[in-house]
Amino acid sequence: MLALAGILPDFQLQSDDSESVTAIAFTAAWAAGAFGLLSALVWPIAVRALLLVPALVLGLLVFFLNGSLLLLALSLIPDGSGEADPQTAVVVAAVMSAVASATSTAFAVRDDEAYRRRLARLAQRRRGGRRDEGRHGMPGTLFVQLDGLGHDTLRRALDQGLMPTVAGLVEPPGDRLPTHRLTPWYTDWSSQTGASQLGILHGTNHDVPAFRWYEKESGRTMVCSSPVSTAELQRRAIERTGDGGLLSYDGASRGNLFSGGADQLALVLSIAARRGPNNRSRAGYFAYFSDPANAVRTAMSFVAEVVREIHSSIRSRLRRETPRVGRGGFYPFIRAFATVVERDVVVAAVIGDMLAGRTAIYADLVAYDEVAHHSGPRSQDADKILRRLDRSLALLVKVAEHAPRAYRVVLLSDHGQSPGETFEGRFGLTLRDYVRASCGLHVPRRAQRTRSGAEARDAVRIALHRPATGAEDGTAPQQPGTPDTPVAPAAPADPDPIVLASGNLGLISFPDLPGRATREDIDRRHPALLRMLAGHPGIGFVLVRSEEHGALLLGPGGAEIPLAELRDGEGPLRHFGKGAANAVRRTDGFPHTADLMVNSAYDPRTGQVHAFEEQIGSHGGMGGEQTRPFLLWPLALSRPAREGQEIVGAEAVHQVLRRWLRECQGPQVPLGAAQESPWKDPAEGGFPVTDRAVQDEKA
């Protein structure tokens, strides 16, 4: 405060030039003490009240609130010698809060014994002074999901020194022995967070064919970033398995699409649609923004990230980099929300969970996934995000060392990302426009871009209290563009096909045809459609059901292979790798698989695909690194799979994580209860369904 008073002309701590240094120092101490006391007492109350306003607006109000508290503190000086303009008060309060946060953190890290005692006291206080003797000495488990980070990209980041914290776990320097091991696993055909995380947390992702899909019987479009849809998907998963989820026993779910059965929830999308004082999806913000230093630091970082994105986008355009997608409009704020606000809130919540000694914690950090969609999976922007994520992981590892119980840290991802120019950018039409043209329907003169399905965009909408509409809220189908003058005759009574995009996976549905439309039905209505799709150079294969041959895979050169005869590395799947045939067969058995499932082409030489959305780094279908995420686990735990075996599918990952929890804590319910459900392996134990989930406003 003394330094700022000497620098800023409109901020003073003396009534005239004759005051002594001692008097000025006393005034500064009084003002700083009053400001700190007001921050401790008034700020949490103000933030709790401001949870009624959008989260991003709360971030913008941080500076105003801090400045107001400083002006109030100056007015409390007995001799009235403190004075500042409102604008200057905002600057002074911001600098003081940032410096206080930095110095307190530095002191805490350097004094390990004091830090350890402080964590132990805080953990004991959070548990109400009780000690759980039954779990004394048993380690907890922290699962951190690095959203969208593929195995090969992580391996490259480690080799290039982008993530030294993670590298220190698997390849420590010097004579130290590694504590963790890295291995890939393989997603289902739907390589996206909705399918993967539902399978990981709830044990099944049955009937999740894509990021978004149309359900004919209800006339709605399910979207994996909609609160309504994720709540329904979670309900279906629990009903199918009879199991509450991976985190049902003393668990915490942070920043995820689904709760996993956890009691403690923050920023969990599947509960965002609930109403009531104990079920607000933004309650996790209170825990973080109740500290004014946190609020100021995050707000300043948010502004810096917006500027950084605008600069990067302009630089990309000036250099004429390709491939490239639009990054203007509201996107810089979406990126800043994902890479700063959501990251900071989730990390803070996880730290609180470890201080409280919770048994199982699962957190999702979406920063890399969001940036890679628009900048590319291996771009400079994405590399910078990996460096920052590594610093967040370093903080969590440090806290884990001082938590009241030991923690085994497991890192994993839900999918990877495959680069490539968009379908529209490469061929001049969106998939929807190409389908309409192939059906003889009107194609708008001005091509309509397919909305990006990035999860961060919908998280921002929820934070702004903007309800999703149409296809985005899971209540109505996404309608194609309004027809004008048709280019070819079409039956007026037939509704237009519904075309949805999930990365490089396209779904085409005919809403007036009950059930799953067959090839014969489609050929009678649109004779050229299937031939045009299968023969397009940007499309790898098409899945369709036939009355005569059952499910068929159509590909280039007139290839038609029944699913029963489908083999990896043959026909349309020759470039899509091991396990592709089984992944297609599994999806074909889902009740809500679209009439036509269209996977883009894949170039094995470059690893590129063609997204049907505005993304140059995409996932959701097959081809390249998007289906090859990673699992990094402590050597103290058993191997995730037997030697020579691979982990295939999110449901298999769930079983691995469940086994690891059992190794740390033992069975959570009697085996007899687990055996009541034929879905579960009795050896794994079961977690009961729980209705006790509440938003955590304390951690």
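The model is predicted, and its chain has 699 residues, of which 58% count as buried. Its secondary structure comes to 22 helices and 22 strands. Among contacts between residues at least 6 apart in sequence, 74% join residues at least 24 apart.

**Helices α12 and α14**

- From α12, the contact draws on R335, T339, R343, V347, V350, I351, M354 and L355.
- From α14, the contributors are D381, I385, R388, S392, L395, L396, V399 and A400.

**The six-stranded sheet**

- Next comes an open sheet of six strands, which you can trace in the order β12-β13-β17-β14-β15-β16, with antiparallel pairing.
- The edges are held by β12 (498-502) and β16 (559-562); each has a single partner strand, so one side of each is left without a neighbour in the sheet.
- On average, and with direction ignored, neighbouring strands of this sheet are turned by 20° against each other.
- Within the sheet, β14 (residues 539-546) and β15 (residues 550-555) pair in the antiparallel sense over five bridges.
- To pick out a bridge by residue, look at R545, whose partner in β15 is A551.
- Helix α20 (residues 580-588) packs on the sheet and touches β14, β15 and β17 (596-600).
- The direction of α20 makes about 40° with that of β14.

**The enclosed helix α13**

- Why is helix α13 (residues 367-375) described as largely enclosed by the rest of the structure? Nine of its nine residues are buried, so α13 is largely enclosed.
- Under 20% relative accessible area counts as buried, and the buried residues of α13 are A367, Y368, D369, E370, V371, A372, H373, H374 and S375.
- Just after α13 comes G376, which takes a positive phi of about 110°.

Conventions: Residues numbered from 1 in each chain as written. Predicted model: local features only at pLDDT ≥ 70, side-chain atom pairs only at ≥ 80, totals over all residues. Heavy atoms only, no water. Contact = heavy atoms within 4.5 Å. Helix = DSSP H or I, 4+ residues; strand = E, 2+ residues; numbered from the N terminus. Pairing = 2+ DSSP bridges. Axes fitted to C-alpha atoms, helices over the stretch in contact; angles between N-to-C directions. Buried < 20%, exposed > 50% of the residue type's maximum accessible area, 1.4 Å probe, protein only.
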